[in-house]
Amino acid sequence: MSTAFDIAFDHVLDLEGGYVNDPRDPGGETNLGITHATLARAVELAIVPAGTTVAGLTPDQAKAIYRALYWVPVKGDQLPWPLAAFVFDAAVNQGVGAAIRMLQETLQVKADGILGPVSLAAARKGDAGELAALYMARRALRYTGTRNFDRFGLGWLKRLFKVVSLTR
């Protein structure tokens, strides 16, 4: 049986694809959505073994990284579906702090970047579909002010639509 994380991870992996090294992408060398900087942090935290390279990253290693560095910090297991998947995807693509602050702004609670009991209670008591739609709208608006929107914006917005369609 697949967990919410398994489903969200599969969606992210489908969106992120394989190995790329686009010099115009601020993330630089990336594989399965994992950048060199993220991999270095995962090695430092012993999530994956020392010597792991971006190009050699396996799906199982990527899954361990996504769980530890993205799913757990956004408390995906404590958020209602599909909001959990949307916040997780935002954490991967826009950063954990930004994902949490956008959620808090959507929930109309203090946007301090700390996903605590007040934020979680607000997420659980709200209409999950409405909150998810508002959250994705907030993500779209944030993208428009992001550096390189002219280069990557169409792909980022396409990502939002794919995330929504994949969670139905």
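Which residues in H1 are buried? Here are some friendly notes, starting with that helix.

1. **Helix H1.** The buried residues in H1 are Phe 5, Asp 6, Ala 8, Phe 9, His 11, Val 12 and Leu 13. Buried here means under 20% relative accessible area, exposed means over 50%, and partly exposed lies in between (1.4 Å probe, protein chains only). Their cover includes H3, H4 and H8. Helices (H or I, at least four residues) and strands (E, at least two) are DSSP runs, numbered from the N terminus. The end C-alpha atoms of H1 are 18 Å apart, which agrees with the 18 Å that its 13 residues should span at 1.5 Å a residue. The expected span is 1.5 Å times one less than the number of residues in the helix.

2. **What kind of model this is.** This is a predicted model, where local features need pLDDT of at least 70, side-chain atom pairs count only at pLDDT 80 or more, and totals for chains, interfaces and linings use all residues. Residues are numbered from 1 along each chain as its sequence is written, and side-chain values use heavy atoms, with hydrogens and water left out.

3. **Confidence.** The chain has a mean pLDDT of 92, and 98% of its residues reach 70 or more. That score is the predictor's confidence in each residue, from 0 to 100. Within the chain, H3 has the highest confidence, at 98, and H8 the lowest, at a mean of 88.

4. Gly 33 sits in the loop between strand E1 (30–31) and E2, and at 14% relative accessibility it counts as buried. Leaving aside neighbours within four places in sequence, Gly 33 is in contact with Glu 16, Gly 17 and Tyr 66; contact means heavy atoms within 4.5 Å. Gly 33 and Glu 16 are 17 residues apart along the chain, yet their C-alpha atoms are separated by 4.9 Å.

5. **Helix H3.** This one is worth a look in your viewer. H3 (residues 59–71) has 13 residues, but its end C-alpha atoms are only 16 Å apart, short of the 18 Å that a straight helix would reach at 1.5 Å a residue. Its buried residues are Gln 61, Ala 62, Ile 65, Tyr 66, Leu 69, Tyr 70 and Trp 71. Among the elements that cover them are helix H1 (4–16), strand E2 (34–35), helix H2 (36–44), helix H4 (83–94) and helix H5 (96–107).

6. **H3 against H4.** Two packed helices are described by the angle between their axes and the distance between the axes. The axes of H3 and H4 come within 10 Å and cross at roughly 100°, which makes H3 roughly perpendicular to H4. Axes are lines fitted to C-alpha atoms, for helices over the stretch in contact, and angles run from 0 to 180 degrees between N-to-C directions. Angles under 35 degrees count as roughly parallel, over 145 as roughly antiparallel, 65 to 115 as roughly perpendicular and the rest as oblique. From H3, Tyr 66, Tyr 70 and Trp 71 meet Ala 84, Phe 88, Ala 91 and Val 92 of H4. By class, this contact of H3 with H4 has seven nonpolar, no polar and no charged residues. Ala, Val, Leu, Ile, Met, Phe, Trp, Tyr, Cys and Pro count as nonpolar, Asp, Glu, Lys and Arg as charged, and the others, Gly among them, as polar.

7. **The loop between H3 and H4.** Most residues other than glycine have a negative phi, and most peptide bonds are trans. Lys 75, in this loop, has a positive phi near 55° and is partly exposed, with a relative accessible area of 28%. Pro 82 is also found in the loop between H3 and H4, and a cis peptide bond joins Trp 81 to Pro 82, with omega about 10°.

8. **Ala 132.** Ala 132 is found in helix H7 and is buried, with a relative accessible area of 3%. Not counting residues up to four places away in sequence, Ala 132 touches Pro 82, Leu 83 and Phe 86. Ala 132 and Phe 86 are 46 residues apart in sequence and 7.2 Å apart in space, C-alpha to C-alpha.

9. **H7 against H8.** The axes of H7 (residues 128–144) and H8 (residues 149–166) come within 9 Å and cross at roughly 170°, which makes H7 roughly antiparallel to H8. Their contact has nine nonpolar, one polar and two charged residues. In the loop between H7 and H8 lies Asn 148, with a positive phi near 70°.
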